Amino acid sequence: MALPKIKADATEARLSALTLPSGAEWATKARKEALARVAAMGIPARRDEYWRFTNPADLTAPTAPKAAVFESGEAPTFAGVDALKVVFVDGVFDAEASDDLSMEGVEISRLASATQQDIHWAKDVYGVLENRGQTPVERPLAALNTAFATDGLVIRVTGHAPRPIAITYLHKEETSDANLHHVIKLEEGAEFTLLEAGPAAARFNKVTEVDIADTASFHHVRTQGRDHERRAVTGLFARLGTESKFKSFTLTANGILTRNEVVLELTGDDAIAHVAGACVGDGKDFHHDDTVFITHDAVNCESRQVFKKVLRNGAVGVFQGKILVKAGAQKTDGYQISQGLLLDDDSQFLAKPELEIYADDVACSHGSTVGAIDETALFYLRSRGVPEKAAKNLLTLAFLAEAVQEIEDEGLAEEVLARMSEWLDRHN
Amino acid sequence: MLEIKNLHVKLEEEGKEILKGVNLTIGAGEVHAIMGPNGSGKSTTSYVLAGREGYEVTEGSATLDGVDILGMEPEERAAAGLFLAFQYPVEIPGVGNMTFLRTAVNAQRKARGEEELSAADFLKEVRAKAKTLNIDADMLKRPVNVGFSGGEKKRNEILQMAMLEPKMCILDETDSGLDVDAMKLVSEGVNALRSEGRSFLVITHYQRLLDHIKPDVVHILANGRIVKTGGPELALEVENNGYADILAEVE
C-alpha cells in the first residue's frame, strides 16, 4: 500500500539526509532490508495510533533540533559501581575514556568493527529482533536506526559475566545527532548486567537487541539524566528462551522528549520478563513516553510492567503498555500497572493500557491511576514535625520507590534511589 | 500548658459550626479526658489543635505555654511540643517506619535548633523504646502502618510519641479498634510517658480506656460545648447512665 503523500515526502526528506554505511555483505544486507522497511512504513507521524500522545516531529526532522549542553556537575550514575566502563560522546565511541573491551566469559567488540567482518555471530541478531518487533505495531525509527547506525556495542555472553558493563553517554555538541545500536546475545545459562547512564546527544536514536537463550538472565538498569533540551527515542527488543529472565529498569529526569520503547517476545516456556520505569518530569517542555509491548508465545511465562511518573509544572507523561497473549500461551501470568502523580493542575498523565488475549487459561491484570499527593498522609507527616516540602518529597520518593523495588540487585537499587532523590530535590 | 478559650470552629466547605465556644485549661502534668456522644465535636477539637486543613476558627484562641498555636503550621505545632495520636493512623506505602521516625525526630530537633540525632544514636533509642512497647524490629522495617493490625497501629502511635517527647499529647479515640489486651498494652505505654512536664488530653467515647489511663479531670463535650466538668467519677456516671441524663440535666 502506498504511503500518503505527506508521509512519503517526509520520509524521503529524512532519508535523503542519510547514507547507508559500508560494511561486510551481511551487514549491508541487514541495513538495506531495514531501509526498505522504513520506506514501506514511512516515518512516524502524529496520526499513527501509537504516536497520538507524542509528537514525533523532532525525532523525524532531517536535522536534529539544537540542544544546549547541560552541565549537571554530577558524576554518571554508576560511576561508583565495579563495572567495565564504556563511554560514547555524542554517539561516538571514546576509546580513551573507555576500559579495554575484555572480560572473562564475555566477547565485546564495537559494531563498527563487527559489521566489517565477513562472518560474525551478530548477523543472526542484528536487525532480526528489531524486525520481529515490527509486527503488529510498526516502529519505523528502530528500522531507521538499524539501517544507519554505525556504532554501538556487540556483546556475546557465554557464562556468568563477572561484572556489569556500564555505558555512559555524554552530550557535548549542541547539534549532535547520534544513532547507536547494541547487539547482545546471552548463550544458554549466561548471566549479564547492562548499565546505561547519560543523555547521549542533542538527538539520540538507540536500538538494543537482546537475544536471551534458555535459562539465561539479562539485567538492565539505566538512568536518563538531567539534560534539559535533548530528544531521545530508544528501542529495546528482546527475545526470551525457556526459563530465561529479563529485567529492565529506567529512571528518567528531564529532556524535552523521551520515548522509550520496550518490545519483548517470550518464546520459551517458563520465561520471566519484568520492565519498570520511574520518571521525574518537570516543566512544560518535558515529555516522557513509555511504550511497551510484551508478547506471550509460550506456556507458563510471567511478565510484569511497573511504571511511575511524577509530573509537575506542565510536564507530560505517557504510558502505552500492551500484553498480547497468543493462542496456546496458557498459564500466562501478566501484570501491568502505570501510575501518575501530578503535583499541580498543569501536568498530564496519558495512559493506554491494553490486553489482548487469545488463550483461555491465563491470569492478566492491569491498573492505571492518576492522582495528587495524598493530603491525609501529608498531614500525618506534618503533624509529626516534618516540614511540608520535606513531607511532599518523602511521599513522592515513596511513590517512585515502588518502581525502583523492581531492581533485583540491592546495591544498584540504592544507587538509583540516591540519584532519584537528588533529582527530586533539585526540582523543588 | 494548654489553654483553649471560647473556641468557635466551622467546617470550611459546609460552613457548619462544630465547636461553639470551648473553654479548657490543662495544667502541666495533668491528664484530662473529653467524653461525648457522636458528633459532639471531639475529633474536630483534636484536628483543629493539630492544624489539619478544612476547619476555620471563627473566634477564640488556643495557646501552648502562652504561645498561640492556631496560626502555626502543623509541623511548627509539633516542634512546639504538641502531638496528636490519630484515631486512624495513616498508611504510607513506600516510606519505611524507621525512615519516617528518624525524619520526624530530626526535623523537630532542627526546628528547635538542636543537633540532629546520628543514625546510630537514633537506632539505639528507637530499639529500646520499641521494646518497652512490645514492637518488634520487623514493624520498624515495614512501611508506615501498612498492613499493621489495629493494635500495631496504635502502638506505633505511642512509639512516635515516645520518640518525639512532646509536652502536650492529644489521644483521639485511641481505644477504637482495640481489643482489651491491646488497649492495656497501649495504656501502659501512655502511662509510662506520664510525667510532671507532660500533659494529656484523652478523647474517648467510653469509660473503659479511662480505667487504664486515669484522668485527673473529665469533661463532657456536647453540641460543640463543654457542658460538664468533674473528676473521674463523671466518666463512671456516663458509663452507667449514658449521656442522656447529663445532657438533660444541663439543659
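Mentor: B:Ser40 sits in the loop between strand S3 (31–35) and helix H1 (42–50) of chain B; helices (H or I, at least four residues) and strands (E, at least two) are DSSP runs numbered from the N terminus. This is a predicted model, in which local features need pLDDT of at least 70, side-chain atom pairs count only at pLDDT 80 or more, and totals for chains, interfaces and linings use all residues. Residues are numbered from 1 along each chain as its sequence is written, chains are lettered from A and ligands numbered from 1 in the order in which they are written, and side-chain values use heavy atoms, leaving out hydrogens and water.

Trainee: Is B:Ser40 buried or exposed?

Mentor: B:Ser40 counts as buried because its relative accessibility is 2%, and buried means under 20% relative accessible area (1.4 Å probe, protein chains only).

Trainee: Which residues does B:Ser40 touch?

Mentor: Not counting residues up to four places away in sequence, B:Ser40 touches B:Ile18, B:Leu221, B:Ala222, B:Asn223 and B:Gly224, where contact means heavy atoms within 4.5 Å. The side chain of B:Ser40 also reaches the backbone oxygen of B:Pro37 at 2.8 Å.

Trainee: Turning to chain A, where is A:His181 found?

Mentor: A:His181 belongs to strand S7 (residues 177–186) of chain A. A:His181 is buried, with a relative accessible area of 0%.

Note on methods:
Buried means under 20% relative accessible area, exposed over 50%, partly exposed in between (1.4 Å probe, protein chains only). A polar contact is a pair of N or O atoms within 3.5 Å; within protein, one must be able to donate a hydrogen and the other to accept it, and residues adjacent in sequence count only if both atoms are side-chain atoms.
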